[in-house]
Amino acid sequence: MTQTRPNSLSARDAEAVFHGYTNLQAHKAQGAHVMVSGEGIRLTDESGKSFIDGLAGLWCAGLGFSEERLVEAAVKQMRALPFSSSFAQRSHPPLIELSEALGALAPAPAHRPFFVNSGSEAMECAIQAVWYFNNALGRPEKKKLVGRARGYHGVTLGAGSLTALAYKQDGFDLPASDRFLRLTCPSFYREGRPGESEADFTARLVAEFEALIQREGPETIAALVGEPLMAAGGVVVPPEGYWPAMQAVCRKHDILVVADEVVNGFCRTGEFWGSQSFGLEPDVVTCAKQLSAAFLPIGATIISDRIYDVLAKRSGELGTFGIGLTYGGHPVCAAVALETLKIYEERDILGHVRRVSPHFQSRLKALAAHPLVGETRGKGLIGGLEIVADQTTRASFPAAAKAAFKVYEAAAARGVLLRPLPSDSIGICPPMIVAPAEIDEIFDALQGALDDALPILRG
Ligand SMILES: Cc1ncc(COP(=O)(O)O)c(C=O)c1O
């Protein structure tokens with residue numbers, strides 16, 4: 001980490017700022033890495049050093065850091081109407097237009113968006129909508145939510161209860177209740193058994209889900225929640241046939257499918273939605289991040305007409321649908337999101353992702369030969385690699401070695417920002433406007449970083 005002249009922004013940060021997902025003690029001693037500007041896919045820090053942001057911020061800045069059309073859209077909307085409520089049938093043009101546009105794009109049968117400010121809120125509202133739905137249908141027992149180990153769904157009480165990662169749950173009394181259940185992570189590399197084929201692995205995971213439903217009682221299980229491709233848990237691509245088979249089990253037991261598209265959504269995996277890449281037809285979709293290309297905070301919980309009709313009827317009986325966020329559907333955020341969707345279409349960002357991702361994936365795959373790499377994996381413009389102490393036994397380095405963090409630091413020293421993830425993985429998820437030559441810069445730096453880390457980790 002960079003450090004720290006007295007009165008530098010970094011030093012002032014250490015005195016004043018309370019960061020999330022940060023070792024607060026280390027921050028106090030070391031300060032922060034302060035970014036001051038962005039251009040294309042690059043960021044510049046307070047010392048003037050420039051970096052490729054190989055994680056698009058936090059998997060979100062799909063159009064990079066200098067998209068003028070989004071600036072213009074925000075300014076125009078701020079001048080016209082900086083705020084108006086979306087409660088109690090009050091509305092405004094950006095909310096209507098964005099609802100129409102996102103509803104039309106959503107993977108069927110999900111169709112009607114409810115706007116929030118973040119991915120966590122999108123999942124929180126999904127959970128509450130599912131519970132409200134089952135109460136309305138007169139089945140108050142049907143409330144349990146099934147997630148998967150290493151799944152990431154946010155930090156609020158419900159979403160954080162589904163985020164099956166120790167760093168989110170330890171110390172926070174999560175999961176918040178016994179309504180949150182957990183299945184095996186669909187990582188064939190880590191969870192596959194000796195001699196098991198990928199198809200066998202899928203069949204075992206599906207059988208595990210069936211067994212859990214029988215154990216708990218199908219009348220108690222409300223929804224299966226998952227990212228089509230897990231991102232923050234280590235970029236885990238599901239095994240062949242996984243989602244269609246899991247979805248079939250859900251249909252059989254009248255269990256809803258909630259697809260967390262907060263990272264996958266908006267072209268990232270080479271389809272508009274991760275659900276389309278992996279054969280999933282979700283009843284509920286959560287999205288955020290690239291909905292506005294990270295220029296402003298906005299997310300959505302998108303539900304099917306079948307669910308909407310049930311919620312609508314019940315809200316008529318109760319007098320209101322009792323969820324709403326002051327800034328849900330904020331006019332400026334909605335205008336920027338609408339402009340983002342227009343840019344995706346007009347510039348054929350999906351086509352661009354499809355054109356450059358074979359190069360991205362082949363550069364990623366080539367790193368599997370490196371002695372520190374156990375597995376590479378990815379889809380579209382998202383990738384991960386898993387660092388191991390021994391390629392044959394797949395043994396990890398001890399946690400104290402901080403293997404992924406060391407590779408991350410070495411890549412940052414070479415001018416590329418990536419992200420260390422659980423299971424000693426490194427996440428690679430550049431802005432979707434990345435050019436082939438920039439993909440080479442990213443992977444050249446990552447290759448160099450692995451070379452740099454090798455003697456350090458092997459001692
Ligand atoms: C898959 C997924 N869901 C939900 C979230 C939570 O989003 P937010 O940080 O906007 O609350 C994240 C954040 O990274 C995510 O990766």
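1. Strand β1 (residues 35–39) and strand β2 (residues 42–45) run antiparallel and are joined by four bridges. Strands here are DSSP runs of E with at least two residues, and helices are runs of H or I with at least four, numbered from the N terminus. Two strands pair if DSSP finds at least two bridges between them. The model is predicted: local features need pLDDT of at least 70, side-chain atom pairs count only at pLDDT 80 or more, and totals for chains, interfaces and linings use all residues. Residues are numbered from 1 along each chain as its sequence is written, and side-chain values use heavy atoms, without hydrogens and water.

2. β1 and β2 make a hairpin with two residues between them. In the turn, G40 has a positive phi of about 60°. S37 has T44 of β2 as its bridge partner.

3. Four strands form an open sheet in the order β11-β12-β15-β14, paired antiparallel. At its edges are β11 (373–379) and β14 (419–421), each pairing on one side only.

4. Three bridges link β14 to strand β15 (residues 425–428) in the antiparallel sense. R419 has G427 of β15 as its bridge partner.

5. D424 sits in the loop between β14 and β15. D424 is buried (under 20% relative accessible area, 1.4 Å probe, protein chains only). It has no salt bridge (a side-chain nitrogen of Lys or Arg within 4 Å of a carboxyl oxygen of Asp or Glu). R190, the nearest side chain of opposite charge, is 7.5 Å away. A polar atom of the D424 side chain lies 3.3 Å from the backbone nitrogen of A404.

Definitions and conventions. Buried means under 20% relative accessible area, exposed over 50%, partly exposed in between (1.4 Å probe, protein chains only). Lys and Arg count as positive and Asp and Glu as negative; His and the chain ends are not counted. A polar contact is a pair of N or O atoms within 3.5 Å; within protein, one must be able to donate a hydrogen and the other to accept it, and residues adjacent in sequence count only if both atoms are side-chain atoms.
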